[in-house]
Amino acid sequence: MTKSIVAGIVALVLVVACGVVEVVLLKNSYDDLHAECLEVMRLADEETLSLQRFETFRNNWTKLRETSELFLPHMDVYELNLRFAESQAYVETGDFHQLKAQLSIIEELLRYVPHLMIPSPVHIL
């Protein structure tokens, strides 16, 4: 009986520890992508953003998205996908006015979405 209780406690500690590490790593990845977004926004303001630079930004999002889809609400991740797709079209056409609007939404979502990973009574209820 004692061994079962100890094994259960060890398993619980391992699961919680893995969850904490996962949240920290994902949050750091979102913070890095947010910083990159600010740089892309600066380039868009200067109207010097190239398609190649934007594609690098979008590829970084794609890598993060694959991990995010396991742990975050799909609607928020899907919204970011749509905004990236629209933004790429604006980069390709050189419509920096519309691009800046889309990048503002991406920036806001990159700040908002990571807090959804952190368990809180609001998210549980």
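Colleague: How many aromatic pairs does the structure hold?

Modeller: The structure holds 5 aromatic pairs. Rings of Phe, Tyr and Trp (its six-membered ring) pair if their centres lie within 6.5 Å; planes under 30 degrees apart count as stacked, over 60 as edge-to-face and the rest as tilted. One of the pairs is F54 with F57, which is edge-to-face, with 6.0 Å from centre to centre and 75° between the planes.

Colleague: Before we continue, what kind of model is this, and how are its residues numbered?

Modeller: This is a predicted model, in which local features need pLDDT of at least 70 and side-chain atom pairs count only at pLDDT 80 or more, while totals for chains, interfaces and linings use all residues. Residues are numbered from 1 along each chain as its sequence is written, and side-chain values use heavy atoms, with hydrogens and water left out.

Colleague: What is the mean pLDDT of the protein chain?

Modeller: pLDDT is the predictor's confidence in each residue, from 0 to 100. Its mean over the protein chain is 85, and 84% of the residues reach 70 or more.

Colleague: How many helices and strands does the protein chain have?

Modeller: Helices (H or I, at least four residues) and strands (E, at least two) are DSSP runs, numbered from the N terminus. The protein chain has 5 helices and 0 strands, so that its pattern along the sequence reads α-α-α-α-α.

Colleague: Where in the chain do F54 and F57 lie, and are they buried or exposed?

Modeller: Buried means under 20% relative accessible area, exposed over 50%, and partly exposed in between (1.4 Å probe, protein chains only). F54 and F57 are 3 residues apart in helix α2 (residues 51-71), a separation of about one helical turn. Both F54 and F57 are buried.

Colleague: How are the rings of W61 and F84 arranged?

Modeller: The ring centres of W61 and F84 are 5.7 Å apart and the planes are at 0°, so this pair is stacked. The pair links distant parts of the chain, with W61 in helix α2 and F84 in helix α3 (residues 74-93), 23 residues apart. W61 and F84 are both buried. Ring pairs also join Y30, F54, F57, W61 and F84 into a cluster.

Colleague: How many salt bridges does a search of the whole structure find?

Modeller: A salt bridge is a side-chain nitrogen of Lys or Arg within 4 Å of a carboxyl oxygen of Asp or Glu. The search finds 8 salt bridges. One of them joins D31 to K27, with the closest N and O atoms 3.3 Å apart. D31 and K27 both belong to helix α1 (residues 2-45) and are 4 residues apart, about one turn of the helix. D31 is partly exposed at 36% relative accessible area, and K27 is partly exposed at 32%.

Colleague: Which residues are linked in a network of salt bridges?

Modeller: E39, R42 and E46 are linked in such a network. The side chains of E39 and R42 meet at 2.5 Å, N to O, and these two residues are 3 apart in helix α1, about one helical turn. R42 also forms a salt bridge with E46, where the closest N and O atoms are 2.8 Å apart. The relative accessible area is 30% for E39, 37% for R42 and 45% for E46. E39 is partly exposed, as are R42 and E46.

Colleague: Is E107 buried or exposed, and with which residues is it in contact?

Modeller: Contact means heavy atoms within 4.5 Å. E107 lies in helix α4 (residues 96-112) and is buried, with a relative accessible area of 13%. Leaving aside neighbours within four places in sequence, E107 is in contact with H34, C37, L38 and M41.

Colleague: How much of the protein chain do buried residues make up?

Modeller: Buried residues make up 31% of the 125 residues in the protein chain. Of the contacts with a separation of 6 or more, 68% are between residues 24 or more positions apart.
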